[in-house]
Amino acid sequence: MVQVTEYRHNMVQEYKEQVTPLLRYQPWLEKNSGKPGSTNYRGQGFTENSMSFPVYDSTLMSFIKEASASSLMERNYSYIFTRNRITDHDKERRIITSAGIKEWDLLRGILSKYVLGGRTKSVLWSEGVSEGIFLMVLEQMRKIIEYWDKPLET
C-alpha cells in the first residue's frame with residue numbers, strides 16, 4: 001500500500017513539473033477563448049490574386065514554443081485519436097472534462113495534436129485557442145494535480 005501511495009505521489013510531482021510552466025498562459029487563454037489566435041496579413045499592394053498568411057499572437061507563439069519543448073508532447077498523438085475514436089471537438093471536450101489521472105495520456109495526446117499538428121497545419125493553433133481546447137486541457141490537468149496534491153500557485 002505504501003508503494004502505491006509513493007508511486008502516485010511521485011507521478012503527481014512529475015505531472016506538476018510538466019504543467020506548471022504552461023499555467024502562466026492560462027489567463028491569456030481564458031481572455032482569448034472563442035477568439036481566433038491569429039489574423040491574416042494583408043500588406044501593401046494586396047490584391048485578390050495575392051495570398052494572405054496568418055500572423056499569430058506573440059503570447060500564443062510563446063505558449064506553443066514552451067509546450068513543444070515540454071515532456072507533455074506525445075509524438076504519436078494520432079494513434080491516441082484513432083484508438084479512442086476522437087473525431088470532433090465535442091468528443092474532445094467530453095474526454096477532457098471527464099479525464100482523471102488515468103487519462104493523463106489522453107490529455108497529452110489532445111494537447112499534442114494542436115501544438116505539434118500546428119507545425120504542418122497552422123490552423124490548429126488558432127483552433128486550439130478559439131475552441132478553448134488549450135484552456136480546457138490545462139484546467140483539467142490542474143484539477144487532477146490539485147486533487148491528488150495541493151493547490152498550485154501561479
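Start with the largest nonpolar core, which has 44 residues. A nonpolar core here is a set of buried Ala, Val, Leu, Ile, Met, Phe, Trp, Tyr and Cys residues joined through side-chain atoms within 4.5 Å. Buried means under 20% relative accessible area, exposed over 50%, and partly exposed in between (1.4 Å probe, protein chains only). Select L29, F63 and F134, the residues with the most contacts inside this core. In soluble globular proteins, nonpolar side chains tend to be buried together.

The model is predicted: local features need pLDDT of at least 70, side-chain atom pairs count only at pLDDT 80 or more, and totals for chains, interfaces and linings use all residues. Residues are numbered from 1 along each chain as its sequence is written, and side-chain values use heavy atoms, with hydrogens and water left out.

Next, colour by element. Two or more core residues come from each of α1 (2-19), α2, α3 (58-69), α4 (77-83), α5 (89-98), α6, α7 and α8 (133-148). Helix α8 gives the largest share, nine residues. Helices (H or I, at least four residues) and strands (E, at least two) are DSSP runs, numbered from the N terminus.

Now centre on F134. Leaving aside residues up to four places away in sequence, F134 touches L29, L60, F63, I64, L111, Y114, V115, W125, G128 and V129. Contact means heavy atoms within 4.5 Å.

Move to helix α6 (residues 104-116) and helix α7 (residues 123-130), whose axes come within 7 Å and cross at roughly 130°. That makes α6 oblique to α7. Axes are lines fitted to C-alpha atoms, for helices over the stretch in contact, and angles run from 0 to 180 degrees between N-to-C directions. Angles under 35 degrees count as roughly parallel, over 145 as roughly antiparallel, 65 to 115 as roughly perpendicular and the rest as oblique. To see the contact, select K113, Y114 and V115 in α6, which meet L124, W125, E127 and G128 in α7.

Then select Q26, in helix α2 (residues 26-32). Q26 is buried, with a relative accessible area of 9%. Its side chain makes a polar contact (a pair of N or O atoms within 3.5 Å; within protein, one must be able to donate a hydrogen and the other to accept it, and residues adjacent in sequence count only if both atoms are side-chain atoms) with the side chain of R142, at 3.1 Å. Not counting residues up to four places away in sequence, Q26 touches L135, E139 and R142.

Finally, zoom out. The chain has eight helices and two strands, and 42% of its 154 residues count as buried.
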